[in-house]
Amino acid sequence: MSAENAVAVTVTDTVAVAVVTGAASGIGRATALRLAADGFHVAMMDLDAAGLAATGELVQDAGGRARAFPVDLCDPLAVGSVTREIAVTVGAPELLVNVAGIGVAATVLETSDEDWNRVLAVNLTGPFLTTRAILPLMLDRGTGVIVNIASVAGQVGIPKRAAYCASKAGLVGLTKAVAVDHGHEGIRSVAICPGTVETEWIGKILANAPDPAAARAAMSARQLDGRMGTPEEIAALVAFLAGPDGRFVNGTALIADGGMTAA
Ligand SMILES: NC(=O)c1ccc[n+]([C@@H]2O[C@H](COP(=O)([O-])OP(=O)(O)OC[C@H]3O[C@@H](n4cnc5c(N)ncnc54)[C@H](O)[C@@H]3O)[C@@H](O)[C@H]2O)c1
């Protein structure tokens with residue numbers, strides 16, 4: 001890290017620090033809960049301050065430690081200042097999990113400039129900004145793991161998800177680039193590509209469908225065992241990658257989709 005960017009890092013105890021974005025809901029909330037249960041002190045970033053507070057209470061009720069840092073992950077200055085706050089008040093992160101994301105249902109012809117820019121900003125620029133801010137702290141320690149929640153949409157085309165597919169394929173590319181550039185410096189960078197996971201996001205899509213029950217049945221049938229994944233199943237993969245059992249996994253994308261893309 002250059003001298004002008006140097007951050008005074010507080011090391012208060014030996015508890016490992018994890019940063020989880022998108023922790024106010026769904027996969028991010030489940031990840032914060034799982035990592036706190038595994039002993040991490042979790043710094044949680046999200047736009048949704050009330051959702052973060054609710055996750056914080058769940059973590060605390062389960063006997064874990066988490067702190068909320070409300071922030072728009074598309075804002076470079078805000079991401080930089082929150083990272084400095086985390087380093088000083090919680091400690092230098094050894095794990096970064098980029099979970100926050102949004103989607104727009106549209107083909108390329110239906111996608112407005114505004115939607116394209118917003119999806120790319122949250123799903124790709126956000127992880128770039130957090131990685132660029134937090135990686136120097138990991139390099140100072142000589143170790144660190146970055147897990148990016150991409151999607152099967154980063155591996156295959158999904159109908160009417162043009163911007164989303166592009167953003168998630170880009171995130172897989174960023175994941176590999178970070179591994180190649182910094183793997184020899186003790187950094188692992190891995191993407192997880194979930195299929196359909198039952199979260200608040202999917203709940204909203206189903207609620208807005210003309211026939212929610214039929215839409216649920218169709219979404220469930222995409223997986224080989226006829227059910228959607230759970231946020232906890234994705235969080236368990238994050239925990240595996242973060243821990244010693246995952247230490248030989250780097251610069252790749254793990255698909256967790258119940259076999260959705262096997263055919
Ligand atoms: N649910 C699925 O089926 C599924 C499948 C594949 C991939 N994913 C990916 O998993 C991730 C989490 O999805 P989820 O289903 O838990 O969604 P969710 O909507 O429940 O949670 C997403 C969170 O991201 C936060 N967020 C959005 N924009 C933000 C911004 N600019 N700054 C800070 N926070 C912001 C939201 O406030 C929300 O808390 C996303 O990246 C999504 O693309 C989800």
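Tutor: A polar contact here is a pair of N or O atoms within 3.5 Å. This is a predicted model: local features need pLDDT of at least 70, side-chain atom pairs count only at pLDDT 80 or more, and totals for chains, interfaces and linings use all residues. Residues are numbered from 1 along each chain as its sequence is written, and side-chain values use heavy atoms, with hydrogens and water left out.

A polar side-chain atom of Tyr164 lies 2.6 Å from one. For Thr199, a side-chain N or O atom is 2.5 Å from a ligand oxygen. Val197 uses its backbone: an N or O atom there lies 2.8 Å from an oxygen atom of the ligand. The protein buries 92% of the 830 Å² that the ligand exposes when taken alone (Shrake-Rupley areas, 1.4 Å probe).

Now the shell. It holds 31 residues, with Ser25, Asp46, Val99, Tyr164 and Thr199 the closest (a heavy atom within 4 Å counts as near). By class, 17 are nonpolar, 8 polar and 6 charged (Gly counts as polar, Tyr and Cys as nonpolar). Helices H1 (26-37), H4 (113-141), H5 (162-182) and H6 (200-207) each supply at least two shell residues (helices are DSSP runs, H or I, of at least four residues). H6 gives the largest share, 3 residues.

Finally, the domains. Domain 1 (14-194 + 230-255) and domain 2 (197-228) both contribute to the shell, so the ligand lies between them (bounds from an automatic or database assignment).

Note on methods
A polar contact is a pair of N or O atoms within 3.5 Å; within protein, one must be able to donate a hydrogen and the other to accept it, and residues adjacent in sequence count only if both atoms are side-chain atoms.
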